[in-house]
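Colleague: Could we go through this model together? I would like to begin with helix packing and then turn to the chain contact and the salt bridges.

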Amino acid sequence: MMQHGISVPTLGVENLQVTYAVAGGPVSAVRDVSLTVAPRECLGIVGESGSGKTQVFMAAMGLLAVNGRASGSVRFDGREILGLAPEALNRIRGSELTMIFQDPMSSLTPHLKIGVQLAEVLVTHRGFSWRDAMHAAGLILERVRVPEPQRRLQQYPYELSGGMRQRVMIGMSLLCEPKLLIADEPTSALDVTVQSQIMDVLRELRFEAAMAMILISHDLGVVAGLADRIIVMYAGRVVEDAPASEVLQRAHHPYTALLLECVPNLRDARLERMPCLPGQALGAGMQELGCAFAPRCPRATELCRLERPPLRAVHQSVQVACHHPLSP
Amino acid sequence: MPSPAVAVNDSLLEVRDLSVNFGAFSALTGVSFSLGAGETLGLVGESGSGKSTLARALLRLIPAARGTVMWRGVDLLSCDSATLRRQRRDLQMIFQDPLGSLNPRMTVGEALAEPLEIFEPGLAARDRQARIEEMLERVGLVRDAARRYPHEFSGGQCQRIGIARAMMLRPKLLVCDEPVSSLDVSIQGQIVNLLMDLQQEFGTAILFISHNLAVVRHISHRVLVMYLGRIVEEAARDALFAAPAHPYTRALLEAVPDPTRAPAGIPRVADDNLAAAGEPPVGSADPSGCVFRNRCRYAEGICEREIPRLEPVSAQHAVACHRWRALATSPDPTQSAVREPRPA
């Protein structure tokens with residue numbers, strides 16, 4: 001997994017388990033997930049609703065709901081952060097380790113001007129004066145291509161479009177020059193045109209800012225344009241971990257291949273019916289027997305229904321959890 | 001009164017010069033089109049283009065400032081409320097947020113029974129139950145779902161419930177407002193394919209609203225493209241995708257993410273020139289010219305001065321652009337049409 005020699009990974013998750021205490025006993029949301037993100041690497045995390053893709057990083061950020069429990073290890077820049085006290089986490093969160101979410105409206109405080117919300121980050125984390133922080137806030141808006149940044153600083157969130165709010169959130173996440181930016185479905189609530197603009201902003205940052213990035217989405221089409229490596233999750237587990245180019249050219253897990261087919265595209269000119277996965281994803285709480293994907297898998301055999309396939313390397317830098325992988 | 005740019009045989013719905021104002025803001029300006037029985041019309045545009053406003057104005061859920069909506073000999077906008085209520089059984093709608101559009105305190109069975117109780121009050125309870133179970137199975141749910149509550153279902157299943165409720169009375173028109181935008185891409189196709197099957201079976205006409213042309217393409221016979229409250233292009237599906245005439249339509253096509261198109265890790269050249277640039281202006285523009293000109297890289301003097309009217313490109317294709325003839329001969333139809341907007 002260590003692809004960058006001896007350098008310390010920016011994020012190292014090992015054997016992470018997330019369970020929720022609910023009436024009727026604990027429910028697993030994340031099962032034994034391990035992953036690493038190297039400095040400056042962009043990792044894409046793909047999966048359907050309920051696959052646990054968000055839960056991995058909510059656990060890492062210490063943002064689980066009160067009935068959630070995480071175990072295992074999450075090392076950020078070499079330091080263990082799982083189970084860290086809130087005060088210690090607060091020094092990292094929002095400065096070195098930042099996260100943006102799907103809904104940029106509910107991520108911003110409705111009654112504070114954009115400028116105040118941005119400047120506050122630098123005042124809190126970096127001890128800037130309000131005047132200097134405001135200046136920096138204007139610069140960061142320019143960097144994420146917000147038109148008329150000085151005017152925006154004086155506006156409230158409701159005065160901005162969805163795309164503009166997401167740019168503000170990205171700008172806010174960059175203020176303290178983080179080592180890692182986690183973007184959870186950053187474009188899912190936006191129009192396709194605005195989505196492509198936000199992706200362009202993130203793409204630019206990949207090459208300008210010296211930070212790692214994790215891009216979480218249900219849409220492989222969104223992740224594919226940006227990620228160096230892609231991890232596919234299903235029912236709380238990693239089922240494929242491979243370089244993005246490998247995933248796009250020859251997916252190894254049948255689930256990955258099907259997800260790729262489902263991306264609505266304009267290529268297959270004569271296609272009438274829209275490709276989709278049959279059935280629905282098993283969410284948290286299901287009992288594990290065999291491969292969780294077997295009920296929806298065209299390649300499933302008796303073996304798949306009885307025995308869970310372990311995540312194993314099929315060749316260099318590609319790991320797959322499948323008894324019958326495609327293109328060996 | 002303007003007639004639609006593209007004629008439809010056997011039309012079910014005839015919309016003429018429909019305009020909606022929110023205060024001083026004109027959300028919809030002079031929209032005219034037809035919808036044939038059993039036809040699917042795709043309606044595409046960005047947030048703020050007026051597509052949801054159009055859907056709501058058609059069904060008189062919001063008041064129109066001007067225009068007519070002729071539906072089987074009745075103008076839905078001027079008829080009395082009793083007449084409107086009678087027509088509503090044939091005019092159903094499903095929404096973007098499938099869970100939010102279901103009453104959390106009603107079981108699925110109760111939600112599906114409601115339209116029958118209102119429009120077929122004479123139906124025996126046992127027959128009603130049978131109709132509900134039949135429809136649940138038809139949309140791919142188990143009969144048992146009738147006894148459960150909406151929150152027990154996934155987003156995709158909730159959308160199936162919404163469709164089942166809308167189809168209970170076998171409507172002649174189903175308006176679908178972004179029915180798959182909040183769903184995982186892996187199951188969007190399930191819903192789109194289900195709608196196509198139901199249309200085959202019941203002959204329902206569908207108005208399918210989406211911001212994603214790649215989704216609209218699968219289901220639509222014809223497509224309307226809207227921008228800032230106006231129709232800017234109208235065409236039969238294949239004609240539109242083979243040769244999009246409006247620069248805005250081209251921009252929408254370009255914005256569809258394609259995993260095979262953007263190589264990972266390599267920045268695309270001249271990102272600024274791609275559809276990437278700009279968003280529709282917020283607020284009423286009260287344009288003296290083309291509403292798209294501030295984002296259009298082909299805009300010329302005439303685009304500032306004159307509002308382009310829909311004019312025929314071919315029998316099945318109309319566009320509202322002063323420059324479409326010049327652009328039609330440009331070598332690459334996917335060549336970007338959009339640039340950074342000028343500050344207002």
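**Helix packing and chain contact**

Modeller: In chain A, the axes of helix α4 (residues 114-126) and helix α5 (residues 130-143) come within 8 Å and cross at roughly 115°. Axes are lines fitted to C-alpha atoms, for helices over the stretch in contact, with angles from 0 to 180 degrees between N-to-C directions; helices are DSSP runs of H or I with at least four residues, and strands are E runs of at least two, numbered from the N terminus.

Colleague: How is α4(A) oriented relative to α5(A)?

Modeller: The angle makes α4(A) roughly perpendicular to α5(A) (65 to 115 degrees; under 35 is roughly parallel, over 145 roughly antiparallel, the rest oblique). Residues in contact (heavy atoms within 4.5 Å) include Leu118(A) and Leu122(A) of α4(A) and Trp130(A) and Met134(A) of α5(A). By class, this contact has twelve nonpolar, one polar and one charged residues (nonpolar: Ala, Val, Leu, Ile, Met, Phe, Trp, Tyr, Cys and Pro; charged: Asp, Glu, Lys and Arg; polar: the others, Gly among them).

Colleague: Is this model predicted or experimental, and how is the numbering done?

Modeller: This is a predicted model, in which local features need pLDDT of at least 70 and side-chain atom pairs count only at pLDDT 80 or more, while totals for chains, interfaces and linings use all residues. Residues are numbered from 1 along each chain as its sequence is written, chains are lettered from A and ligands numbered from 1 in the order written, and side-chain values use heavy atoms, leaving out hydrogens and water.

Colleague: At what angle do α3 and α5 of chain B pack?

Modeller: Helix α3 (residues 108-119) and helix α5 (residues 155-167) of chain B pack at about 25°, with axes 8 Å apart; they are therefore roughly parallel. Their contact divides into six nonpolar, no polar and one charged residues.

Colleague: Changing topic, how much area is buried between chain A and chain B?

Modeller: About 4300 Å², of which carbon and sulfur atoms give 51% (accessible area, 1.4 Å probe, lost on putting the two parts together, summed over both). Each chain is represented in the contact, with 50 residues from chain A and 50 residues from chain B.

Colleague: How many salt bridges cross that interface?

Modeller: The rule finds one (a side-chain nitrogen of Lys or Arg within 4 Å of a carboxyl oxygen of Asp or Glu). Asp197(B) pairs with Arg273(A), the closest N and O atoms being 2.9 Å apart.

Colleague: And over all chains, how many salt bridges are there?

Modeller: The structure holds 37. One joins Asp228(A) and Arg206(A) at 2.8 Å, N to O. Asp228(A) lies in the loop between α9 (220-224) and β9 (229-234) of chain A and Arg206(A) in helix α8 (residues 192-208) of chain A, so the pair ties together parts 22 residues apart in sequence.
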